[in-house]
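Let's take a friendly walk through some side-chain contacts and ring arrangements. Please have the model open as you read.

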Amino acid sequence: MGDNRTNHAFREFFETCRTRALQLALEEDRYEGDFTTLSTIDPDKMGTGYIVSKVEGVVAGVAVARQVSQSCDPGLQLTAIVNDGERVYPGGRILEVKGRIAPLLIGERTALNFMQRMSGIATRTNMYVERVSHTNASILDTRKTAPGLRYYDKDAVRIGGGVNHRFGLFDMILIKDNHIDASGGVDKAVERARAYCQEEGLKIKIETEVRSMFELKQACPAQPDIILLDNFMVDGLAEAVRWVKANGYGHILLEASGNITLHNVAEVAMTGVDYISVGELTHSVKALDLSMNIEPD
């Protein structure tokens, strides 16, 4: 949603974060070496490894597994059987890796850790997306990601059919309750944010949270790009949507957030909001149950 994320510096920054996280994961696992593999496996022994799913879900992280295998041994050859975003079923093979067994084993857990988390996020996201598919609402993620893994968490949301909200504090202004209270009101906070963007030459969206209809009516004349309706009941969301459209503010996008689950997300979407942000996509991840089976030549 943030405009800055398309520029070169942003892409370069997140490429660095992604690479750093992957290398750190490998380093913290093997440190001075995989002594189990080094002591039991002939370094030239060849074979094929298969990542297999024990449950149904949406696959994410195939590209990460490829990077892990290349980091462990550039000679490993990975072939995707199921691609990111596709569904896998119990017993289904997701990918195969051919080459020396020793580096396969060294990278096994790191590849699985990334793929299990990412596939869990993608699967959960897809459940939400399917629940609102009959509406115009989009499912958003939040900044409630695992430290150091934000790129991967948000990529998994995208693979699952969701939309990435802001990546960090730098690519969008999101005025929360504490900002509002410290600024003396939601209208003042939005006006100060807009003035700051003009002074600094920032071309980023301004979103503000509101906690009541009173704050909504204060916020709209300040013309933020997006208004986040925080912890509104379904009836309150519907009332907010009607008021915004009836009073000439239909160009302001509306986002619902707070206490949204699979059980009520369709009802929330039917109120007419544009976005629904769901923190549990990334802060309460249930990993997809995957394993690797290795077959020696």
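## His-165 and its partner

The side chains of His-165 and Glu-207 make a polar contact at 3.1 Å. A polar contact here is a pair of N or O atoms within 3.5 Å; within protein, one must be able to donate a hydrogen and the other to accept it, and residues adjacent in sequence count only if both atoms are side-chain atoms. His-165 lies in the loop between α5 (150-159) and β7 (173-175), where helices (H or I, at least four residues) and strands (E, at least two) are DSSP runs, numbered from the N terminus. With 3% relative accessibility, His-165 is buried (buried is under 20% relative accessible area, exposed over 50%, partly exposed in between; 1.4 Å probe, protein chains only).

This is a predicted model: local features need pLDDT of at least 70, side-chain atom pairs count only at pLDDT 80 or more, and totals for chains, interfaces and linings use all residues. Residues are numbered from 1 along each chain as its sequence is written, and side-chain values use heavy atoms, leaving out hydrogens and water.

## Aromatic pairs

The structure has four aromatic pairs (rings of Phe, Tyr and Trp, its six-membered ring, with centres within 6.5 Å; planes under 30 degrees apart are stacked, over 60 edge-to-face, the rest tilted). One of them joins Tyr-151 and Tyr-152: their centres are 5.5 Å apart and their planes at 80°, so the pair is edge-to-face. Tyr-151 is partly exposed at 28%, while Tyr-152 is buried at 2%. Trp-243 and Tyr-249 are stacked because their planes are at 20°, with centres 5.9 Å apart.
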